[in-house]
Amino acid sequence: MARPGHAWSRPSSSKEDRDEEAEDPLDAMISRTGCLAQHRELQECMAERQDWRHCQPQVRAFGECMARRQRAEE
């Protein structure tokens, strides 16, 4: 007889699982650009304000950082 409820289980809370969850591929990629601090500030603003239009200084700072990185690679 099938059990009622959902079919998924909670992820384990082992240290290995937490380490895998903590390593976001996007964060790793942005970290290599040298713009991780600006990206995190933008993320924090977005989480707080819930509207990118209220985070224009952070958007500009991140965009300028990424543009500097791109110019340096050319």
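Is Asp27 buried or exposed, and what is its relative accessible area?

Mentor: Asp27 is buried, with a relative accessible area of 14%. Buried means under 20%, exposed means over 50%, and partly exposed is in between, with a 1.4 Å probe and protein chains only. Bear in mind that this is a predicted model, where local features need pLDDT of at least 70, side-chain atom pairs count only at pLDDT 80 or more, and totals for chains, interfaces and linings use all residues. Residues are numbered from 1 along each chain as its sequence is written, and side-chain values use heavy atoms, with hydrogens and water left out.

Now the setting. The protein chain has 4 helices and 0 strands. Its pattern along the sequence is α-α-α-α. Helices (H or I, at least four residues) and strands (E, at least two) are DSSP runs, numbered from the N terminus. Of the 74 residues in the protein chain, 16% are buried. The chain exposes about 6,500 Å², and carbon and sulfur atoms supply 51% of that area. The areas come from the Shrake-Rupley method with a 1.4 Å probe. Take the contacts in the chain with a separation of 6 or more: residues 24 or more positions apart account for 33% of them. Contact means heavy atoms within 4.5 Å.

Back to Asp27. Asp27 sits in helix 2, which covers residues 25–33. Its contacts, leaving aside neighbours within four places in sequence, are Leu36, His39, Arg40 and Gln43. Those four residues lie in helix 3, where they meet Leu26, Asp27, Ile30 and Ser31 of helix 2.

What is the geometry of that pairing? The axes of helix 2 and helix 3 come within 8 Å and cross at roughly 135 degrees. Axes are lines fitted to C-alpha atoms over the stretch in contact, with angles from 0 to 180 degrees between N-to-C directions. Helix 2 and helix 3 are therefore oblique to each other. The classes are under 35 degrees for roughly parallel, over 145 for roughly antiparallel, 65 to 115 for roughly perpendicular, and oblique for the rest.

Seen down the axis, they fall within an arc of 110 degrees, so they line one face of helix 2. That arc is taken over directions from the helix axis to the C-beta atoms. The buried residues of helix 2 pack against helix 3 (36–49) and helix 4 (56–73). On the other side of helix 2, Pro25 and Arg32 are exposed.

Follow the face along to Thr33. Thr33 counts as buried at 18% relative accessibility. Leaving aside neighbours within four places in sequence, Thr33 is in contact with Met66 and Arg69. A polar atom of the Thr33 side chain also lies 2.5 Å from the backbone oxygen of Ile30.

Next, the two ends of helix 2. At the N-terminal end, Asp24 is the cap: one of its side-chain oxygens lies 3.2 Å from the backbone nitrogen of Leu26. After helix 2 comes Gly34, with a positive phi near 85 degrees.

Two loop residues are worth a comparison. Asp51 is in the loop between helix 3 and helix 4. Asp51 is buried, at 16% relative accessible area. Its side chain is joined to that of Arg53 by a polar contact of 2.7 Å. A polar contact is a pair of N or O atoms within 3.5 Å; within protein, one must be able to donate a hydrogen and the other to accept it, and residues adjacent in sequence count only if both atoms are side-chain atoms. Gln50 is also placed in the loop between helix 3 and helix 4. Gln50 counts as exposed, at 64% relative accessibility. Its phi is near 60 degrees, a positive value in a residue other than glycine.

Last stop, helix 4. Arg60 belongs to this helix. Arg60 is partly exposed, with a relative accessible area of 46%. Its C-alpha atom is separated by 9.4 Å from that of Leu42, 18 residues apart along the chain.
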